[in-house]
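Open the structure in your viewer and keep the selection panel handy.

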Amino acid sequence: MAFTIRQLQFFVAVAEQGTVSGAAQNLSISQSAVTDAIKDLERDLGVELFERHPRGLNITHKGHQFLRHATKILADVSDARRTFSDDKELATGRLQLGVTSLVAGYVLSDLLARYRRAFPSIEISAIEDNGDYLEHLLIGGELDVAVMVISNLRDRLALQAEILEVSPYRLWLPLGHTLAGADIIGINDIATEPLIMLTVDEIEENTGKLLAAFGARPHVAFRTRSVEAVRSLVATGAGVALLPDLVYRPWSLEGDRIESRDISGSLPVVQVGMVWRRGSSLPQAARDFIGIAQSQRQPRQRA
């Protein structure tokens, strides 16, 4: 039996709400309908999508992998419906967009492609820069909206933000590394390893704070602004990296394998979201962009 769009909608709702009851209330349907849909979906896929516990559900690793596919499928269905919208071709205007370096290649590309398909007549002007400068441009009215790391947003009184994706930190290792086979990896295990440090979008600052909170002093072997350089250095054994799962890919450009492992302990996460000036009258082009982004957002990570 092939899964249905309805099952995907129920699955995403449960992942967002963290409980069947919350998803059922959000969808205005019975809890039994949601429960049956999730069970049928798991049976069809042959995997457990959620771990059950007394207070609700936790999405599994397999569930998280499938969630990306599910949200993309639902977004594509939404795009297909927009294809037949009478006013799509008539929408004109300009969207002034900002993006931070880490987000540009991992979140914005798909989002922008969907927006262009939905509103082909909108003129888009985009700028890539650091978070502080994008906040300055937003407050000054020079940007309509920015897609950026918002974990450390500076001026929350002047800016409004909405989370699109929450990404936990994970450890990157070369194939065959001794830690790859460990049942539990702790921060102290990482402190003894040479660390490849990414220096974009406050990642270096966040990683330093993370290690300092656990009393660990990292041995930084290399600092770089390039995620691809991190992949190559890790894959060839120059060190390990502690980075948000958002940017993980299992292969370097040279074709070498990179392993990714969870770290024990309560670790911070990277929040990626949309930001615009609080109280501003957004142009229709910006409101449409925000709407498309909301339709494909990833559920928030739960404690």
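The crossing of H5 and H10 is a right-handed one, so start by selecting residues 101-118 for helix H5 and residues 284-295 for helix H10. This is a predicted model. The two helix axes come within 10 Å of each other and cross at roughly 125°, which means that H5 is oblique to H10.

Now show the side chains where these helices touch. On the H5 side, pick Leu108, Leu111, Leu112, Arg114, Tyr115 and Ala118; in H10 they meet Ala285, Asp288, Phe289, Ile292, Ala293 and Ser295.

Next, select strand S5, residues 145-149. Is S5 enclosed or open? Five of its five residues are buried, so the strand is largely enclosed by the rest of the structure.

Strand S3 (residues 93-99) runs parallel to S5, joined by three bridges; look for glycine 98 opposite alanine 146 of S5. Strand S11 (residues 269-277) runs antiparallel to S5, with four bridges between them. Here valine 149 has valine 272 in S11 as its bridge partner.

For the last stop, go to alanine 13, in helix H1 (residues 5-17). Alanine 13 counts as buried because its relative accessibility is 5%, where the cut-off is under 20%. Beyond its close sequence neighbours, up to four places away, alanine 13 touches Ala23 and Leu27. Draw a C-alpha to C-alpha distance from alanine 13 to leucine 27: the two are 14 residues apart in sequence and 7.8 Å apart in space.

Conventions: Residues are numbered from 1 along each chain as its sequence is written. This is a predicted model: local features need pLDDT of at least 70, side-chain atom pairs count only at pLDDT 80 or more; totals for chains, interfaces and linings use all residues. Side-chain values use heavy atoms; hydrogens and water are left out. Axes are lines fitted to C-alpha atoms, for helices over the stretch in contact, and angles run from 0 to 180 degrees between N-to-C directions. Angles under 35 degrees count as roughly parallel, over 145 as roughly antiparallel, 65 to 115 as roughly perpendicular and the rest as oblique. A crossing is left-handed if the near helix is turned anticlockwise from the far one by less than a right angle, and right-handed if clockwise. Contact means heavy atoms within 4.5 Å. Buried means under 20% relative accessible area, exposed over 50%, partly exposed in between (1.4 Å probe, protein chains only). Two strands pair if DSSP finds at least two bridges between them.
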